[in-house]
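Me: Can you go through the charged pairs in this one with me? I'll ask as we go.

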Amino acid sequence: MSRRTMDHALPTIRGRVQAGAPLAAFTWFRVGGPAEWLVRPADADDLVALLAGLPAGMPLTVLGAASNLIIRDGGLPGVALRLGGAFGGVQVEADGILAGAAALDITVAQHAAAAGLAGLEFLSGIPGSIGGAVAMNAGAYAAEVKDVLDWAEVATAEGVRRLDAAGLGFAYRHASLPPCAVVTRARFHARPGDPAAIAARMDGIRAAREATQPTRARTGGSTFKNPPGVRAWELIDAAGCRGLRIGAAQVSEKHCNFLLNTGGATAAELEALGEAVRARVLARSGVALEWEIRRIGVAAPAAPAQAAGPSGAAVTGAKA
C-alpha cells in the first residue's frame, strides 16, 4: 500500500505509521498475520489526534504487550496501536506508583519494591503491560488491579479523561472502558512495607510461576477464565486434555490452562486446540469455559486439523 493511500486513510500524526507491518514477533505466541497499519503515537496528544481523525468505521486494536493475545493468521484490518516509550514511565510517590500504559507490570512491581511500598507484588506475576492490566482487570495471587487502582487516564477522540476504579466498572477480567478509549497511564496506591518482606513475596511469586507454569515457552498466559468455584486447569486435566496437540500447538503438560507454540504453530492451530479443549471440558463436566486470551483478526483459510495426544497419535472426538 502506498504512502499516498495511507495519507488519505489516516490522519497525519507525529508518530510512526507503517503499512502491512508484521505482528507475529510482537506476540508472546509468535503467531499472526500483518496489520493493515501499525501506528505508534508520539505521546498522549498525538494519540488523541489519531483517535479524533480516524475514518468512521476504521477498526482500532490496542496491542499492548501482546502477552495474552492470539492474532489470527489473516492479520488485523485497520489500525493496530502500540504505545512506545512516551507511555512507559514509572514514577514513585509517597503512597503509590504512577505508571504509563506501556510500562510492564513486573517493572511497576520492582519500582514499588525498591521504594519499600507493599501491595503491588502480585503485578510481578502478571505478564504484560499496565494498559492491558487495567483494561482486563488483571489479577494473580489473590489480588486484582481493581484492588489497588486509584485512577486511570484514557485517551478518546475528545481528549484525555481520568476515571476512578468505580468509573471503570471493574468485573472479573474486565473493565468498562469508553468506546474506542485507550489507557494511557494509571495510578496505584500502596502502603509502606518492609523491603525484605516485599522482596521475599516477589521471590515467592517468581518461584511459584517457574515451578508451575511454562514461563520459558511461547505461550500466552492463562487460556481460559476460572469458572465460579473451580479452577479451569482442573476441568481441563479431568477432561484428559493435558498434552493434547493440534499440529505444533500443544496444551502444556506443566500447567494445562496454558497453550504452547512448540515451534511453527499457526494461530489457527492454537485457536482450534483451545476450542477442542472447550468441547472436551463441556462434554465431561457441562462447564463452558470462557476464553481469557483475546483472539482477534481475520482467519486465513487452512486445511482441517486433527487433535493428537502427547505422543503425537491422533485423538478421535476432538473438535478442531
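Me: Which residues are linked in a network of salt bridges?
Reply: The network is made up of R72, E271, E275, R278 and R295. Keep in mind that this is a predicted model.

Me: How far apart are E275 and R295, N to O?
Reply: The distance is 3.9 Å, and the side chains of E275 and R295 form a salt bridge. E275 sits in helix α7 and R295 in strand β18, 20 residues apart, so this pair links distant parts of the chain.

Me: Different spot. What does E292 pair with?
Reply: E292 forms a salt bridge with R173, with the closest N and O atoms 3.8 Å apart.

Me: Why does E292 count as buried?
Reply: Because its relative accessibility is 15%, and the cut-off for buried is under 20%. R173 is buried too, with a relative accessible area of 15%.

Me: And K146, which residue is its partner?
Reply: K146 forms a salt bridge with E144, and their closest N and O atoms are 3.6 Å apart. K146 is partly exposed at 36% relative accessibility, whereas E144 is buried at 16%.

Me: How many salt bridges are there in the whole structure?
Reply: The search finds 18.

Conventions: Residues are numbered from 1 along each chain as its sequence is written. This is a predicted model: local features need pLDDT of at least 70, side-chain atom pairs count only at pLDDT 80 or more; totals for chains, interfaces and linings use all residues. Side-chain values use heavy atoms; hydrogens and water are left out. A salt bridge is a side-chain nitrogen of Lys or Arg within 4 Å of a carboxyl oxygen of Asp or Glu. Buried means under 20% relative accessible area, exposed over 50%, partly exposed in between (1.4 Å probe, protein chains only). Helices (H or I, at least four residues) and strands (E, at least two) are DSSP runs, numbered from the N terminus.
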